[in-house]
Amino acid sequence: MDFYSLCDAATHLKMYPVFDVIHYTMMCLNVKEDVQKSVPFPFSRQHPLALWFSSMLMCFASQIWLALLFNTPLAAVFNNPDSILIASAVWYVVNYTPADIAYKLLSFKLFKLIISCMKEVHRVYGIHAGVILAYKKYPSQYLLQVIAGILKGSSYVWMKPFERFVRGFWAPTSNEFLQPSFVLKGSTVISVLFVLRAAHIIHIEHTIVFSCSIAVLIYLRISMMLLGTRDPFLPFENLICSVIFGGMWDALRRARAEPVNGAITSEAKLKKS
């Protein structure tokens, strides 16, 4: 099997049910781990309804955000009972198996690495679906297409403040505008690539853009989990902030001020002596 055959195969994977189950699993794990960090008592025993609803918000966050973006009925988000049943079953297994066996197994590093990589595949498919949906509705609105892709790929990080609110934990300063995550940054870059490809601004085969996006996200995720690397986008952010948003001029101003302050200090010492 050559490179192009692999790329083509990567674009024809079926998300339902395996990758959807992986997505639901990651979302329920995300909520459970956040509960453990923020709540000192057994929240799942005392507030199962709030825990279930917050988990469902995370599982179906992309559908909710796109419904709001395109002004479609929110009720349509939950018109698939099979998906809700599967997500609810995953939620129950993650939170209520005896001795937390399922959670401990899923938290094992090897298993978490595998499902995290599969989640990145699901993310790229979601970003592409969001871009294509917006392209069909508004073919000339490139910004809207990028936003739709971002919301599909990073929907749950935007939903997190609201699901926390459902659980009685309100942290308004912890949001993606103030603290953008790797998920948001990766989704933004890939959304832009898909929009540029759909608009024929870049002339690269769709299968190559798609499969390379999957490969890069998986590689970065493995690096972050196994090697403990920091956000790979951070050096580019620092460079952009220095060049465009005044960081370089602040550094030059400080550099000019330091010799002046040093000269003043030396002159004062000479006067005292």
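Visitor: In what order do the elements run from the N terminus?
Guide: This is a predicted model. From the N terminus on, the order is α-α-α-α-α-α-α-α-α-α-α-α-α-α.

Visitor: How many helices and how many strands is that?
Guide: The protein has 14 helices and zero strands.

Visitor: How much of the protein counts as buried?
Guide: Of the 273 residues, 41% are in the buried class. The accessible surface comes to about 15900 Å², and carbon and sulfur atoms hold 69% of that surface.

Visitor: What about contacts between residues at least 6 apart in sequence?
Guide: In 75% of those contacts, the residues joined are at least 24 apart.

Visitor: Charges next. How many positive and negative side chains are there?
Guide: There are 25 positive and 16 negative side chains. The centres of the two sets lie 6 Å apart.

Visitor: Why does the span of α4 agree with what a helix should give?
Guide: Helix α4 covers residues 48–59, twelve residues, so at 1.5 Å a residue it should span 16 Å. Its end C-alpha atoms are 16 Å apart, which agrees.

Visitor: Switching to backbone geometry. Which residues does the cis peptide bond join?
Guide: Tyr16 and Pro17 are joined by a cis peptide bond, with omega about 0°. Pro17 sits in the loop between α1 (3–10) and α2.

Visitor: What is phi of Asp100?
Guide: Phi of Asp100 is near 55°, a positive value in a residue other than glycine.

Visitor: Where does Asp100 lie?
Guide: Asp100 is in the loop between α6 and α7 (101–107).

Visitor: And His200, what is its phi?
Guide: His200 has a positive phi of about 60°, although it is not a glycine. Its place is the loop between α11 (182–198) and α12 (206–226).

Visitor: Is His200 buried or exposed?
Guide: His200 counts as exposed, because its relative accessibility is 53% and the cut-off for exposed is over 50%.

Notes:
Residues numbered from 1 in each chain as written. Predicted model: local features only at pLDDT ≥ 70, side-chain atom pairs only at ≥ 80, totals over all residues. Heavy atoms only, no water. Helix = DSSP H or I, 4+ residues; strand = E, 2+ residues; numbered from the N terminus. Buried < 20%, exposed > 50% of the residue type's maximum accessible area, 1.4 Å probe, protein only. Contact = heavy atoms within 4.5 Å. Areas by Shrake-Rupley, 256 points an atom, 1.4 Å probe, with all protein chains shown as cover. Lys, Arg positive; Asp, Glu negative; His and termini not counted. Charge placed at Lys NZ, Arg CZ, Asp CG, Glu CD. Expected span 1.5 Å × (residues − 1).
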